[in-house]
Amino acid sequence: MSNEKIIFGLIFIIVVLVVFFGIHSFLNPPKADFDDVVFEKIGGDDFLNVTLKYNLKTKEENISDGSFNTSVGQINYFDAKKITYIGLYGDEDYFIIWKTTPDKYNWIKNEQVNQYISTYLIGDVEGKCFVEYSYENNYVYGVMLSTDKVNFTESEVMYEILGLNREGFELTYTPTGYTSYYPSQSSHYHTVVPDRYTLSRTDPGAYYDHYEYGDNYAIDDYLESEGYD
């Protein structure tokens with residue numbers, strides 16, 4: 001067999017494989033399973049985490065500093081990560097997380113009190129946003145979730161995705177209208193609840209009063225090793 005025929009045969013096989021896998025990918029797009037979970041520590045210190053059940057992370061990338069417009073004004077993010085994920089039906093969406101110093105935000109008037117903003121985006125991008133200043137850590141933690149594919153409610157963002165304590169964090173715009181851009185109002189202060197890591201070690205019983213099993217697998221494994229379930 002001549003070299004030309006061998007080369008032609010190899011090229012033909014490659015083309016057939018490319019077409020086959022292209023059609024297969026089109027007809028069977030990637031999607032999440034029911035046991036998939038996207039879990040991200042904002043800033044890496046376990047103070048505030050994002051948990052998206054029934055979703056699969058497909059991409060993580062560092063992004064440049066930027067901003068987005070919300071119902072309470074422009075919110076900036078710094079040293080951020082963009083996490084892309086897909087759901088059970090193959091719908092793709094993303095969220096942005098960041099951790100930075102409080103000097104970047106002029107709405108933090110009193111650095112001795114925890115403060116937060118819960119709001120929604122306006123303009124070209126649809127989404128929900130939660131930003132919290134922790135005076136214990138002296139950092140600001142933020143997350144912006146795109147709702148292009150899934151329309152999360154404020155309650156779902158705060159209590160399910162972020163796992164916040166309902167007694168310490170009140171909804172700020174769902175029941176009474178729009179939130180103020182000044183978190184110094186009393187409704188934006190909350191009772192200090194220790195971060196998950198500290199709470200799991202100082203009061204393991206209270207940990208599962210505030211959080212569900214599966215919200216943080218590392219903490220769950222630790223508590224199981226200590227005899228808690």
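A salt bridge is taken here as a side-chain nitrogen of Lys or Arg within 4 Å of a carboxyl oxygen of Asp or Glu. In this predicted model, K99 and D45 meet that criterion, their closest N and O atoms being 3.0 Å apart. K99 belongs to strand β7 (residues 92-100), whereas D45 sits in the loop between β1 (37-41) and β2 (49-53), so the pair ties together parts that are 54 residues apart in sequence. Both partners are partly exposed: the relative accessibility is 22% for K99 and 29% for D45.

The structure holds 6 salt bridges in total. Side chains of opposite charge can pair when their charged atoms come close. Among the remaining pairs is that of K81 with E60, in which the closest N and O atoms are 3.1 Å apart. K81 counts as partly exposed at 32% relative accessibility, as does E60 at 39%. Salt bridges with shared partners join E40, K57, E60 and K81 into one network. A further salt bridge connects K59 with E61, the closest N and O atoms being 3.9 Å apart. K59 is partly exposed, with a relative accessible area of 44%, and E61 is likewise partly exposed at 26% relative accessibility.

Strand β6 pairs with both β3 and β7. With β3, the pairing is antiparallel and extends over 7 bridges; I63 stands opposite A80 of β6. With β7, the pairing is again antiparallel, over 6 bridges, and I83 has F95 of β7 as its bridge partner. Of the 7 residues of β6, 5 are buried, so this strand is largely enclosed by the rest of the structure. The hairpin formed by β6 and β7 has 5 residues between the strands, and G90 within the hairpin takes a positive phi near 85°.

Most residues other than glycine have a negative phi. With a relative accessible area of 62%, D79 is exposed.

An α-helix has 3.6 residues a turn, so residues three or four places apart point the same way. Just after the helix, G227 takes a positive phi of about 95°.

Technical notes: Residues are numbered from 1 along each chain as its sequence is written. This is a predicted model: local features need pLDDT of at least 70, side-chain atom pairs count only at pLDDT 80 or more; totals for chains, interfaces and linings use all residues. Side-chain values use heavy atoms; hydrogens and water are left out. Helices (H or I, at least four residues) and strands (E, at least two) are DSSP runs, numbered from the N terminus. Buried means under 20% relative accessible area, exposed over 50%, partly exposed in between (1.4 Å probe, protein chains only). Two strands pair if DSSP finds at least two bridges between them.
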